[in-house]
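Dear colleague,

Please find below the structure for your review. My notes on the fold and on selected helix contacts follow it.

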Amino acid sequence: MTGMPGLPLVPTLATMLASLVLVAVLAARTARRKGRERGVRAGAAVLLVGASITVMILTWAGLGSSGNSGINLIPGAGLRAAVANVNARVGLINLVGNVALFVPIGVLAVLAGWSTLRAIVIAAGLSALIEVVQFVVGRTADIDDVLLNALGGAMGALLAQVLVLAWQGARPGRKGASVLRW
């Protein structure tokens, strides 16, 4: 039974579960020693690394030459191709998936204490790295994937900003958003 080509499902899920337990222990320990905010940041930083590795695994699963090697550096060309796809569902999955895949990266980067701009740059940089590797191994690299991934990172960063502001607003005696930076 496999979750992705070459990755057994049970060991993959066990590793993810063990990682979550490790994050919970680290965050609780840090929170006890250095305060809740630092615990949240430590846990978010560990989860950010895990999310980044997960994104790479998902995008590189079955990595190998597809015979369609190429590069698209024209913004919008890949989007138009996805929308014009004969199978509209495949095009929609590609567009929405590229955005959704990077939302957790943006959320976790902000919760780890990085600015919104830095979170977006991290998402775009990770996406660019993924596209370069895909091109090197003989797959297609597309600038639209980088743009959609950066959009997902931006949406995640803004979502984290809103959630933190709402959470801090609900707590008496808190002024401003101490964990937020633009």
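At what angle do helix α5 (residues 103-111) and helix α7 (residues 143-169) pack? The angle is about 45°, and the axes of α5 and α7 are 6 Å apart. Axes here are lines fitted to C-alpha atoms, for helices over the stretch in contact, and angles run from 0 to 180 degrees between N-to-C directions. The helices α5 and α7 are therefore oblique to each other; angles under 35 degrees count as roughly parallel, over 145 as roughly antiparallel, 65 to 115 as roughly perpendicular and the rest as oblique.

Two remarks on provenance apply throughout. This is a predicted model, in which local features need pLDDT of at least 70 and side-chain atom pairs count only at pLDDT 80 or more, while totals for chains, interfaces and linings use all residues. Residues are numbered from 1 along each chain as its sequence is written, and side-chain values use heavy atoms, with hydrogens and water left out.

Overall fold

The protein has seven helices and four strands, arranged along the sequence as β-β-α-α-β-α-α-α-α-β-α. Helices (H or I, at least four residues) and strands (E, at least two) are DSSP runs, numbered from the N terminus. Of the 182 residues, 34% are buried, where buried means under 20% relative accessible area, exposed over 50%, and partly exposed in between (1.4 Å probe, protein chains only). Among contacts with a separation of 6 or more, 72% join residues 24 or more positions apart; a contact means heavy atoms within 4.5 Å. The accessible surface is about 10600 Å², and carbon and sulfur atoms account for 71% of it. These areas come from the Shrake-Rupley method with a 1.4 Å probe; for residues, only the protein chains shown count as cover.

Helix α5 and its surroundings

In α5, the residues Ile105, Gly106, Val107, Leu108, Ala109 and Val110 are buried. The buried residues of α5 pack against α2 (36-60), α6 and α7. After α5 comes Gly113, which has a positive phi near 105°.

On the α7 side, Val103, Gly106, Val107, Val110 and Leu111 of α5 meet a set of α7 residues that includes Gly152, Gly153, Gly156 and Ala157. By class, this contact of α5 with α7 has eight nonpolar, five polar and no charged residues. Ala, Val, Leu, Ile, Met, Phe, Trp, Tyr, Cys and Pro count as nonpolar, Asp, Glu, Lys and Arg as charged, and the others, Gly among them, as polar.

Leu159, in helix α7, is partly exposed, with a relative accessible area of 40%. Its C-alpha atom is separated by 9.4 Å from that of Val110, 49 residues apart along the chain. Thr116 lies in helix α6 (residues 116-136) and is buried, with a relative accessible area of 5%.

Helices α2 and α6

The axes of α2 and α6 come within 11 Å and cross at roughly 30°. That makes α2 roughly parallel to α6. Their contact is made by Ser52, Val55, Met56, Thr59 and Trp60 of α2 together with Leu126, Leu129, Ile130, Val133 and Gln134 of α6. By class, the contact of α2 with α6 has seven nonpolar, three polar and no charged residues.

Yours sincerely
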